[in-house]
Amino acid sequence: MNERKTASAWELLDAFGDVDDRFLAEVEAQPEVQKRRSRVRPRWLAAACVAAAVTVGASLAVGLSFGRGTVAPSDVSSEETSEVTSSPAVLENSSAPSVEPSVEPSVEPSSPTWDTGKLVAMGNRNLMEGFTANPVELLASDEAFLASQREFAYALFRASATRRTDGSDVAVSPLSTEWALALAANGADAPEELTELLGETSLPRLNRLLRTLRERLTADEALTLDAGLWFDEPVGVYEDFLQVNADYFGGAAYRGSFADAQTLQTLADWAGGPLKLPDSGVALYGKMTFSGTWETPFLREDEVVDGVFHAADGTEQAVQYLSQERRMSYLIGDGFYGGVLPYAEGYDFVLLQPWEGRWADVYDFASALTPSAVAEAIAEGSPIWVDLMLPKFTAHAETPLQETLSALGVEKLFGAGALPAMVSGDASLSAAVQTLSVSVGELGTEALAADRLIPVEPPVSSTVTDAPMTSAPEWLHLESPFVYLIVERETVLPVVMGIYAGN
Amino acid sequence: MEDREIVALYWSRSEQALAETEARYGSYCRAIALRVLHSEQDAEECVNDAYLDVWNRIPPQKPDALGAFLGKIVRHIAIDRLRRRSAKKRGGGETPLALDELAECVPDRDGVEQTLERKALTELLNRFLAGLEPTERSVFLRRYWYIEPVADIANRFGFTESKVKSMLHRTRGKLRTALAEQGYFGGNADE
């Protein structure tokens, strides 16, 4: 800090001392220590809350759906159609599932010899009514588990990028995919193909690890992660599966006719926007939102400039660039260069620009990307002066996952009768689609639209500009397709991976 | 003893006023000074200076809320003391951290020097604080009035440290905009 700036900061700090007494009285009136606020929101309000909290720096919403074409009528009654209450009496018979807390969850379906419990009675309803989560023993991630998470994330990204030939954007959320797959594994006949893919052969242990990981990743509320199940009207659902859902995943579960507008509305309410349902059967959704604020937002008028982006399909796109000359971690890796833009919330936005001539295109580069290549580049990256130009963009991607997952060894999940611990009958998942949108902007908040930008003078002030610039800055002008990742800073675990190709 | 009774002792120039002030607000004052100065000896001296200042101010002043009146004096003396000390050597503790954070709100003043009017700046801060949600306001004041460590604030409110840092970051951004809009610290008053 220079002397003038220091003096201003002192004056400001001192001036705080003269603020109105009523503010101090308000502060003093607060209890000494408040209890940690519950992060559990009413299930059906959660989606609306997410919808209201969009777009800060980068935001995204993920929908992952699985559906099957036909469903055999189950062996449960189809007469009850009224709205349910939280009373266990609405269940099929009087022996309702225990909702009393216990140390261990009531079901740990690690074995194919399922004790699936009773079927939940028919009727359009929120199936999670009456289920409360049992206390769960959390299990901290070790490095081996985190390494397997990173491997899965990159494998999913590589598989998603490999098939691209149309110059389109790619955006996947490994975290959301994993969350939904893990929930599906708890109802699957062959969970091992999923647990092995997700890096932990014991399903109960995987449940605990993921639940613990979610609690950590969502602790600062920048990221939310949820799952939801929608069952067509005739489908019978096992109580024990729903109890596992309550214990570990906290997911929504709703049954109603997929042809009914009200059912679609419940899904839209949950997701924060319209999502498609299959014609019938079961639909499983993973939902992730990320709302991060740049540690150093692009506040000034001259930090948003017009420019041209050379898209993957060969066209030139008019875009707006976020532009800063700033200190940031500059990356040089095997066949790429890039940088790290930090969020205020413990996540980083990692930018990777493939070297021209080294790769056929950005998809070729992405198809070869590994966790170790990125981790090494980040570890060796050093903060230097960088002339950054990052396009503002909103990318929407719809990724068919069945083929991708098949390439990763997931086959049985899509076979007939693959979900005997979740639903009655010859159930299977016949489709898997992930939709994801990513938005990158100067701040992300609606409160600071373009007409509120701070004028060019005086020069921007922030911690990243405190050190004097002693040499010409490196250029990081992302004017052609590039790879981006949103990673948790501490573990470098990707929660979103994508390619911005200009389309 | 109630505030009005202690103030009456000051008005009667009874030295018992100081003893009663110490009994009622001694710990409160030391806590404020200690957070700023990070030194028990300095904090003790600061509190003593504050008592002397209060003795000289009452009368003619007659504060309704003696605690807030005293707290502001202690804080002002502590910050002034730290500022003079920091001119020689940067100390440890929370205040330098809070100072660095507040520096984000003030651009480098390479342009035309703006004369600060303390009263107007305080009024701006009051308007700014009034526009915040109560929790956001309390977190902000805990950090920049009471100079509390982020960890303590997190514990007090039941938040994670990361959340507190995020809240403070966003609020500082708002303050920076408000200061710039009013032309403080070199900002453009026309915006």
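**Basis.** I worked on a predicted model, in which local features need pLDDT of at least 70, side-chain atom pairs count only at pLDDT 80 or more, and totals for chains, interfaces and linings use all residues. Residues are numbered from 1 along each chain as its sequence is written, chains are lettered from A and ligands numbered from 1 in written order, and side-chain values use heavy atoms, without hydrogens and water.

**Strand E4(A).** I examined strand E4 of chain A, residues 223–231, and found nine of its nine residues buried (under 20% relative accessible area, with exposed over 50% and partly exposed in between; 1.4 Å probe, protein chains only). I noted that both faces are covered, with A:Leu225 and A:Phe231 among the buried residues on one side and A:Asp226 and A:Trp230 among those on the other. Strands (E, at least two residues) and helices (H or I, at least four) are DSSP runs, numbered from the N terminus.

**Its partners.** I found E4(A) paired with strand E6(A), residues 282–292, in the antiparallel sense over nine bridges; pairing requires at least two DSSP bridges. A:Gly228 stands opposite A:Tyr285 of E6(A). E4(A) runs parallel to strand E5(A), residues 252–255, with four bridges joining them.

The nearest cysteine sulfur to that of B:Cys29 belongs to B:Cys46, 8.6 Å away. I therefore record this distance as too far for a bond. B:Cys29 is buried at 0% relative accessibility, and B:Cys46 is also buried at 0%.

Methods
A disulfide is a pair of cysteine sulfur atoms within 2.5 Å.
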